[in-house]
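Trainee: I would like to go through this model and ask what stands behind each label. Where do we start?

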Amino acid sequence: MPRPFRFGVQLSSVPGATFAERVRGIEALGYSSVFWPDHFGPQLEPVAALAAAAAATTTLRVGSLVYGIDYRHPVVLAKAAATIQLLSGGRHEFGLGAGWMQSDYDQAGMAYDRPSVRIERLDEALTIIRSMWTEPKTSFAGRHYRVTDVPPAVEPAPATPPAILVGGGGRKVLGVAGRHADIVGINPSIPEGRVLPHTIHDLAPERVREKIGWVREAAAAAGRDPSALELQSLIFVTAVTDDPKPVRELVSKQTGMSVDDVARCAGFLTGPGSELRDRLEERRAETGISYVVIQGGDPATLERFAEAVVQPLAGR
């Protein structure tokens, strides 16, 4: 049996006066979760935003998509995540990544290490964090981190630890996801440290299938059940419309993809509601991706997508 569909929304900045109303509206439309990214632009800080979103809602899950491990020590992140999980009644999805956006590092004056080093740091951090959620004391000595007899992240501990979400586009980081994550985001690879017009080409159907194969291979090698992992897809352009041609042509012009490839790409959902539902069901059958997150989106777009796709498919 395939995993049931879930849908989320990634926000970055919401005016304070409308914040609670906005996240409650997302909850009421049937979305499962709201996410915040972790960058240094003019956006809300994710730990504070997720705590506020959890306090304003009752069932909506709150998640980071994703924290950059180089921006916070794993002991600090373990405590923050466990606190949100405890106070939200178990609604935190803890996304952690190796960091990818070079401008963040430049702005903060941090060294932008090569990908293999950043991914190795992520691997060590996840080991420390999970231990702090489950063990009475945590000690770890690695290449990047050394911690000694750290107590549990919070007391009392949450009934269940936060779900770990790791996303990525390359084989190494998806290997980390396969070894550690409960939820795996299938993303484009961004070796240049910034999004370029061709970046989205890495979400062509054949590339998505290859990436999922890497995840499952790593999970099996670690003694985990690959079928137990929830696979997630982030949608960068969403348009529920009976005439998707103008949107697809615009995206084609911006990315250099053919119009047909835009229609097939896992990073875009454009077309009538019935077509979008069929495409998501076909993609789930082919790849196992059942967790779909819409990036941004004004309230009207989120409402149209909820009526056309979320409400008919969520939980099925």
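Mentor: With charge: the protein chain carries 34 positive and 36 negative side chains, and the centres of the two sets lie 3 Å apart. Keep in mind that this is a predicted model.

Trainee: What makes a side chain count as positive or negative here?

Mentor: Lys and Arg are taken as positive, Asp and Glu as negative, and His is not counted.

Trainee: How do you know that the radius of gyration agrees with a compact globule?

Mentor: A compact globule of 316 residues would have a radius of gyration near 20 Å; the protein chain has 19 Å, so the two agree. Along the principal axes, the C-alpha atoms fill a box of roughly 60 × 45 × 40 Å. Of the 316 residues, 51% count as buried. The accessible surface comes to about 13700 Å², and 54% of that belongs to carbon and sulfur atoms.

Trainee: What do the contacts in the protein chain join?

Mentor: Take contacts between residues at least 6 apart in sequence: 70% of them join residues at least 24 apart. As for secondary structure, the chain has 11 helices and 13 strands.

Trainee: How do you know that the span of helix H3 agrees with its number of residues?

Mentor: H3 covers residues 74–87, which is 14 residues, and at 1.5 Å a residue these should span 20 Å; the end C-alpha atoms are 20 Å apart, so the span agrees.

Trainee: Which residues of H3 are buried, and what covers them?

Mentor: The buried ones are Pro 74, Val 75, Leu 77, Ala 78, Ala 81, Ala 82, Ile 84 and Gln 85. Their cover includes helices H2 (46–56) and H5 (115–134), together with strands E3 (61–64), E4 (67–68), E5 (92–97) and E7 (146–150). After H3 comes Gly 89, with a positive phi near 75°.

Trainee: Why is Ser 64 called buried?

Mentor: Buried means under 20% relative accessible area. Ser 64 has 0%, so the label holds. This residue lies in strand E3. Not counting residues up to four places away in sequence, Ser 64 touches Phe 35, Trp 36, Leu 50, His 92, Glu 93, Phe 94 and Gly 95. Its C-alpha atom is separated by 5.9 Å from that of Pro 37, 27 residues apart along the chain.

Trainee: Why is Thr 138 called buried, and which residues is it in contact with?

Mentor: Its relative accessibility is 2%, so Thr 138 counts as buried. Thr 138 sits in strand E6 (residues 138–141). Leaving aside neighbours within four places in sequence, Thr 138 is in contact with Ile 128, Ser 131, Met 132, Val 147, Thr 148, Asp 149 and Val 150.

Trainee: Why is Thr 134 called partly exposed?

Mentor: The label applies between the buried limit of 20% and the exposed limit of 50%. Thr 134 has 46% relative accessibility, so it counts as partly exposed. Thr 134 belongs to helix H5.

Trainee: What makes Pro 312 partly exposed?

Mentor: Pro 312 has 28% relative accessibility and therefore counts as partly exposed. Pro 312 is found in helix H11, and its contacts, beyond neighbours within four places in sequence, are Arg 277, Ala 306 and Glu 307. Between the C-alpha atoms of Pro 312 and Val 75 the separation is 41 Å.

Trainee: Why is Asp 298 called partly exposed?

Mentor: At 40% relative accessibility, Asp 298 gets that label because of the value. Its place is the loop between strand E13 (289–295) and helix H11 (299–313).

Trainee: What is the phi of Asp 149?

Mentor: Asp 149 has a positive phi of about 50° although it is not a glycine. Most residues other than glycine have a negative phi. Asp 149 is found in strand E7 and is partly exposed because its relative accessible area is 45%.

Trainee: Where are cis peptide bonds found?

Mentor: One joins Leu 65 and Val 66, with omega about -15°; Val 66 is in the loop between E3 and E4. Another joins Glu 155 and Pro 156, with omega about 0°; Pro 156 is in the loop between E7 and strand E8 (163–168). Most peptide bonds are trans.

Definitions and conventions
Residues are numbered from 1 along each chain as its sequence is written. This is a predicted model: local features need pLDDT of at least 70, side-chain atom pairs count only at pLDDT 80 or more; totals for chains, interfaces and linings use all residues. Side-chain values use heavy atoms; hydrogens and water are left out. Helices (H or I, at least four residues) and strands (E, at least two) are DSSP runs, numbered from the N terminus. The expected span of a helix is 1.5 Å times one less than its number of residues. Buried means under 20% relative accessible area, exposed over 50%, partly exposed in between (1.4 Å probe, protein chains only). Contact means heavy atoms within 4.5 Å. The radius of gyration is taken over C-alpha atoms; the globule rule is 2.2 Å times the number of residues to the power 0.38. Accessible areas come from the Shrake-Rupley method with a 1.4 Å probe; for residues, only the protein chains shown count as cover. The place of a charge is taken as NZ of Lys, CZ of Arg, CG of Asp or CD of Glu.
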